[in-house]
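Colleague: I am new to this structure and would like to go through the terms used for it one by one. Could we look at it together?

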Amino acid sequence: MKLSARNRLKGKVTEVKKGATTAHVKIDVGGTIVTAAITNEAVDELKLATGMTAYAVIKASDVMVGVD
């Protein structure tokens, strides 16, 4: 897979929850859960299922930094 996005986080799918049109996919990336909202159609096309390896790909023009 080649993408222009620099932030590709490899992990394991922990949950796929379909709604009326949108699904929430949770990916465990080193103990941190990243949740993506994608179409049900995309879930079906990618054949997403709990336990499989997947990438959370983040593409943004701005990145904010915070501290405590």
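Colleague: How do you know that strand β1 and β4 pair, and in which sense do they do so?

Modeller: This is a predicted model, in which local features need pLDDT of at least 70 and side-chain atom pairs count only at pLDDT 80 or more, while totals for chains, interfaces and linings use all residues. Residues are numbered from 1 along each chain as its sequence is written, and side-chain values use heavy atoms, with hydrogens and water left out. Strands are DSSP runs of E with at least two residues, helices are runs of H or I with at least four, and both are numbered from the N terminus. Two strands pair if DSSP finds at least two bridges between them; strand β1 (residues 7-18) and β4 have 6 bridges in the antiparallel sense, so they count as paired. Along this pairing K12 stands opposite T53 in β4, and L9 stands opposite A56 in β4.

Colleague: What makes β1 and β2 a hairpin?

Modeller: β1 and β2 pair in the antiparallel sense over 6 bridges, and they form a hairpin with 3 residues between them. Within that pair V16 stands opposite V25 in β2.

Colleague: Which strands stand at the edges of the sheet, and why?

Modeller: The open sheet is formed by 4 strands in the order β3-β2-β1-β4, with antiparallel pairing. β3 and β4 each have a single partner strand, so one side of each is left without a neighbour in the sheet, and these two stand at the edges.

Colleague: What makes K47 and V67 exposed?

Modeller: K47, found in the loop between α1 and β4, has a relative accessible area of 66% and is therefore exposed. V67, in the segment after β4 (53-58), counts as exposed because its relative accessibility is 78%.

Colleague: What stands out about phi of K47?

Modeller: Phi of K47 is near 55°, a positive value in a residue other than glycine. Most residues other than glycine have a negative phi.

Colleague: How much space lies in the largest pocket, and what makes a set of points a pocket?

Modeller: On a 1 Å grid over the protein atoms alone, a pocket is an open set of points with protein on both sides within 12 Å along at least five of seven lines, where a 1.4 Å probe fits, and lining residues have an atom within 4 Å of a point. About 310 Å³ of space lies in the largest pocket, and of the 15 residues that line it, the closest to its centre are I27, L46, L48, A54 and Y55. β4 gives the most to this lining, with 6 residues.

Colleague: How do the residues of that lining divide?

Modeller: The lining of the largest pocket has 14 nonpolar residues, 1 polar and no charged.

Definitions and conventions: Buried < 20%, exposed > 50% of the residue type's maximum accessible area, 1.4 Å probe, protein only. Points joined across faces, edges and corners; volume = space filled by probe spheres on them. Nonpolar A, V, L, I, M, F, W, Y, C, P; charged D, E, K, R; others polar.
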